[in-house]
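Here is a short briefing for a first look. Keep the sequence and the 3D view side by side while reading.

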Amino acid sequence: MEEKKKFYLTKGGLENIKSEYKVLKNLRLAKTKGEAPKILESENLNPEYLSFQEDLSLLETRIVEIENIFKNAELIRSPSKKMSKVINLGATVIIDVGGNKDEFTIIGTLEANPSLGRISNESPVGKALLGHEVGDEVAVSSPIKTIYKIKKIRYKHL
Amino acid sequence: MAVSIQKKPGRSWLLTFQAMENIVNFLAEVNKLKKMKRTGFVWLEVKNPETIAQHCFRVAIMNWILAKKVFPLLDLEKIIKISLSHDLCEVYTGDMTPYWGLLPKDKEKRKEILKDWIRLPKPVKEKRAKEKFKKEKAGLDKLIKPLPSETKKEIMNYWLEYENLDSKEGRFTKQGDKIETLLQAHEYWGSDMDSPLKGWWEEVEDLIDHPVLLDFLNRIEEKFCKRNIKDNQELEFFLKIGKLKQMVRGGWLLRGVENGSTVAEDAFLLAIVIWLLGKRKKLNLEKMLKMALVYEICEVYAEDKTPYEKILPKDKRERKEILDKWPRFLESVKKKRFIEDYKEEKKSLNQLVSGLPENLRKEIICLWDDCKRRRTLEGNFVNQIYWVTMMMQALRYRIKDKSFPITGWVEQMKEFIDDPVALEFLNALYKKYPIG
């Protein structure tokens, strides 16, 4: 099921994944040539790749995972002038929740981190806000009703 | 004005929902281990002794790190899972120590007996072991009954491997489990060998034979018995991790919860949830289990911060009002707060792991970073399950105390959770613990 899922990415997000893919492919090549320890000891290597030192299958899994992302990736593009009034992927919205202002950018799940103000288009709130305009009030009711009043929509360079 | 539509679940979703409800019911029972004190320490009148959940947390982290020394000879995922599940049966049987049924009521006489490891004739030992096994197996059977058959089988097999010592991982975990208890006993009684410590030493000396664990046992002896100040960084790390057993989470303290759960207890439950739900994702489960164990260890040094830092007024009523809503900030403020928090936690984590071997140190930092920043699919999933597991605890507090502020939690969930499995879990929680 997961393999067919579409991954929405910003240009920057896609670039990051491409860089990781390049490093992993080099690692795999080095491992098969028996050069792994040398490469893995490099100061420049992100510690993220250390777990691959112990388990080649982990490395393979991540490579397959990234290839699946590439296969199903869709770039988030800036909307036309007309569509920029509507909340879509990539929109940064200012909302009012119970008299308090909040701001988030709606983004694909791979780049979402609500603590940083980036919420996923697949989260209940992200999903509910899509397609709405300034002035709309969006209710997300499960299990307590919360009203999100849309105050401002903008699309910034992602 | 437009209103969002809540989709009605289809039939297949409903079938999954039943399975998820069963998992929630199972977890509600497992949650009891957070409140169950370990019998031996209770009998010995230790003040506020550790709970079974606290013990299992450190057993899991200790066994993983020690077993890593001989990787790939031992399966680390299996070691972590056996460590997490070895005491699950105690939800129904309680913590049955080898002294069960043999101790007198008189406190002093009891303490005297507990000073030595129990010695019994072989047939008596065998009879008692059989009886204990039967009770515990029945307890575990009852507990795992609602789980999917594959998971049920897995947990039971792991427990049997641990109990019967019939796999190398089962043997290693059992030995590590006893060493963790010995370590805890030393934390209670220090170096005073005229204390119950003697009994625990006798027990481990009968049991331990794995070279890695024998070496670790020597290090405990060096530190506590010989007072030898050698390079003992690994042991120091486990001792520092031990502080998390008693560290009540800031979020519960802030909301006035009495006897709130501790960092170690919540990490234990998170790891169990990851085990059960992670199976449904095509992701690296071993990595996710490790993430669950290390995600909050930085709190040994960093304060357990909540998003309400710096915005809570002194006035009690105003505080309560603010705590009942999810705090709202502009994106730039969120980023600033996240980066501050991230840097502080990373600094604390670096301090905590500084004495560990480089590979392990980097692995732990990387696991934490993945999860904190939701950098990989595994990190994203564990981060979300972390929040939903916290939500489960919050809902339980709300059931006990209707004044527990819950709206902010619900608002947060609507924005933080997008994973279908995490959302299913959340819905099952709302059904089990209605907010009403």
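The points below go through the domains, the contact between the chains, and a few single elements.

This is a predicted model. Chain A is assigned domain 1 (2–75) and domain 2 (83–155). Chain B is split into domain 1 (22–230) and domain 2 (247–436). Between the chains, 44 residues of chain A and 35 residues of chain B take part in the contact.

**Domains of chain A**

- Domain 1 of chain A puts five residues in contact with six residues of domain 2 of chain A.
- Strand β1 (residues 7–9) of chain A gives the largest share of the domain 1 side, with three residues.
- That side of domain 1 of chain A consists of three nonpolar and two polar residues, with no charged ones.

- Strand β6 (residues 137–140) and strand β7 (residues 146–155) of chain A run antiparallel and are joined by four bridges.
- Ala139(A) has Ile147(A) in β7(A) as its bridge partner.
- Side chains alternate along β6(A). Val138(A) and Val140(A) point to one face and are buried.

**Where chain A meets chain B**

- The contact takes 44 residues from chain A and 35 from chain B.
- Several elements of chain A each supply at least two residues to the side that touches chain B. Among them are the helices α3 (51–54), α4 (56–71) and α5 (124–129). The strands β3 (91–97), β4 (100–107), β5 (118–120) and β6 of chain A are also on that list.
- β4(A) gives the most to this side, with six residues.
- By class, the side of chain A that touches chain B has 17 nonpolar, 17 polar and 10 charged residues.

- Phe338(B) sits in helix α17 (residues 331–353) of chain B.
- Beyond its neighbours within four places in sequence, Phe338(B) is in contact with Ser115(A) and Leu116(A).
- Pro307(B) is 31 residues from Phe338(B) in sequence, and their C-alpha atoms are 9.3 Å apart.

**Domains of chain B**

- The C-alpha centres of domain 1 and domain 2 of chain B lie 28 Å apart.
- In the contact between them, 24 residues of domain 1 of chain B meet 23 residues of domain 2 of chain B.
- Helices α1 (11–30), α3 (52–67) and α4 (76–85) of chain B are the elements that give two or more residues to the domain 1 side.
- α3(B) provides the largest share of that side, with nine residues.
- The domain 1 side divides into 15 nonpolar, four polar and five charged residues.

- Helix α19 (residues 377–400) of chain B has 24 residues.
- From first C-alpha to last, α19(B) reaches 35 Å, close to the 34 Å expected at 1.5 Å a residue.
- Of the 24 residues of α19(B), 19 are buried, so the helix is largely enclosed by the rest of the structure.

Notes. Residues numbered from 1 in each chain as written. Chains lettered and ligands numbered in written order. Predicted model: local features only at pLDDT ≥ 70, side-chain atom pairs only at ≥ 80, totals over all residues. Domains from an automatic or database assignment. Contact = placed C-beta atoms within 7 Å. Nonpolar A, V, L, I, M, F, W, Y, C, P; charged D, E, K, R; others polar. Buried ≥ 20, exposed ≤ 12 C-beta atoms within 10 Å, placed from the backbone. Pairing = 2+ DSSP bridges. Expected span 1.5 Å × (residues − 1).
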